[in-house]
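Here is a short briefing on a protein model and its ligand. Keep the sequence and the structure open as you read.

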Amino acid sequence: MLAYHTSLYRDTPLILSVTGVTKAFDGFKAIDDLNFYLEQGELRTIIGPNGAGKSTFLDIITGRTRPDSGTVVMHEQDGHDLNLSKMREFEINRLGIGRKFQTPSIYKSHTVYDNLVLSLNKERGVFATLFYRESKQDRERIMEVLKNVGLEKRVNDLAGLLSHGQKQWLEIGMLLAQDPRLLLIDEPAAGMSDEETERTGELLLSLEKKHSLIVIEHDMEFVRQIARKVTVLHQGYVLKEGSFEAVKSNPEVIEVYLGRKGKKSQQN
Ligand code: ADP
Ligand code: MG
């Protein structure tokens with residue numbers, strides 16, 4: 001049986017169901033009875049003030065942090081359900097859940113191409129890598145990924161020479177090389193120029209349907225660009241979910257998030 005979230009679109013099966021998840025650090029509930037459902041192929045944006053629990057939420061999905069209570073279930077395409085809250089981080093990663101952190105973790109002294117080779121090989125393990133000669137298939141796959149992220153002209157350049165935005169795209173490419181089912185991306189536009197931000201938005205939009213994505217973001221212009229359904233997190237729970245316009249004009253959201261934007265951007 002495929003899982004559906006009955007109150008939403010009935011025709012698209014879910015990939016992720018998070019129910020009643022709570023996580024406290026020293027008695028402080030960073031995540032508080034959180035319920036969250038993601039459809040297969042969906043692009044979801046999560047917003048919320050600093051400390052709302054956004055990064056902790058991603059940590060819980062990837063197994064980096066274990067919830068105190070509640071369940072995180074990934075629904076496989078064959079209808080099989082996997083309880084992620086009982087699995088280890090590397091096991092969850094192997095299921096095709098890729099995470100992009102804010103600071104890119106690329107190999108600066110390797111070429112763009114070799115970064116993708118290394119990423120492909122993560123799947124294969126050390127022994128296979130020692131004897132690795134990339135196949136025609138791998139080369140085609142790498143070039144396809146580089147085209148998707150707009151770096152095909154930089155293929156032979158050292159990754160360290162890329163601009164900040166290009167480094168972020170390379171890291172997204174490294175995740176894509178592993179063909180993840182679910183991509184979790186934390187503040188991709190941070191520190192980018194306006195033009196890079198817009199291209200990042202286009203890139204993320206091009207990935208929906210083929211992959212499921214959760215994107216955490218602060219920059220409201222960027223959120224407007226990529227927004228499909230938006231989830232507002234506040235004090236570890238879902239304050240509001242809906243279209244960008246609905247969320248933006250909601251008085252509670254304005255109070256907890258947009259109303260504090262001026263203060264927050266001073267901190268950043
Ligand atoms: P966001 O990403 O929305 O800014 P976080 O998920 O980073 O928020 O943090 C949510 C709350 O949980 C914050 O108050 C933060 O200080 C706290 N927190 C997160 N991780 C830890 C940790 N490992 N130990 C203690 N407190 C933590
Ligand atoms: Mg965060």
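Buried means under 20% relative accessible area, exposed means over 50%, and partly exposed lies in between (1.4 Å probe, protein chains only). Helices (H or I, at least four residues) and strands (E, at least two) are DSSP runs, numbered from the N terminus. With these terms, strand β8 (residues 212-216) is mostly covered: five of its five residues are buried.

This is a predicted model, where local features need pLDDT of at least 70, side-chain atom pairs count only at pLDDT 80 or more, and totals for chains, interfaces and linings use all residues. Residues are numbered from 1 along each chain as its sequence is written, chains are lettered from A and ligands numbered from 1 in the order in which they are written, and side-chain values use heavy atoms, leaving out hydrogens and water.

**Parallel strands**

- Strands of a sheet pair through backbone hydrogen bonds, either parallel or antiparallel. Here, two strands pair if DSSP finds at least two bridges between them.
- β8 is joined to β7 by five bridges, and the two run parallel. Leu183 stands opposite Leu213 in β8.
- Strand β3 (residues 43-47) also pairs with β8 in the parallel sense, over four bridges. Thr45 has Val215 of β8 as its bridge partner.
- Strand β7 (residues 182-186) pairs in parallel with β6 over four bridges. Lys100 stands opposite Ile185 in β7.
- In a regular strand the side chains alternate between the two faces of the sheet.
- Which residues cover the two faces of β8? Ser212, Ile214 and Ile216 lie on one side, Leu213 and Val215 on the other, and all are buried.
- Strand β6 (residues 97-100) is covered on both faces too. Ile97 and Arg99 are buried on one side, Gly98 and Lys100 on the other.

**The antiparallel sheet**

- Four strands form an open sheet in the order β2-β1-β4-β5, with antiparallel pairing.
- β2 (28-39) and β5 (81-83) stand at the edges. Each has a single partner strand, so one side of each has no neighbour in the sheet.
- The twist averages 20° from one strand to the next. Axes are lines fitted to C-alpha atoms, for helices over the stretch in contact, and angles run from 0 to 180 degrees between N-to-C directions.
- Strand β1 (residues 14-25) and strand β4 (residues 69-75) run antiparallel, joined by five bridges. Thr19 stands opposite Thr71 in β4.

**Two helices**

- The expected span of a helix is 1.5 Å times one less than its number of residues.
- Helix α5 (residues 136-148) has 13 residues and should span 18 Å. Its end C-alpha atoms are 18 Å apart, which agrees.
- The buried residues of α5 are Asp138, Ile142, Val145 and Leu146. They cover an arc of only 100° around the axis, which puts them on the same side of α5. The arc is that of the directions from the helix axis to the C-beta atoms.
- An α-helix has 3.6 residues a turn, so residues three or four places apart point the same way.
- Lys136, Gln137 and Lys147 are exposed, on the face of α5 turned away from its buried side.

**Ligand 1**

- A residue is near a molecule or strand if one of its heavy atoms lies within 4 Å of it. The residues around ligand 1 include Phe25, Phe28, Asn50, Lys54 and Thr56.
- A polar contact is a pair of N or O atoms within 3.5 Å; within protein, one must be able to donate a hydrogen and the other to accept it, and residues adjacent in sequence count only if both atoms are side-chain atoms.
- Polar backbone atoms lie 2.8 Å from a ligand oxygen at Gly51 and 3.0 Å at Gly53. At Ala52, a backbone N or O atom is 3.1 Å from an oxygen of ligand 1.

**A buried arginine**

- Arg44 is found in strand β3. At 0% relative accessibility, Arg44 counts as buried.
- The side chain of Arg44 makes a polar contact with the side chain of Glu241 (3.0 Å). A polar atom of the Arg44 side chain also lies 2.7 Å from the backbone oxygen of Tyr37.
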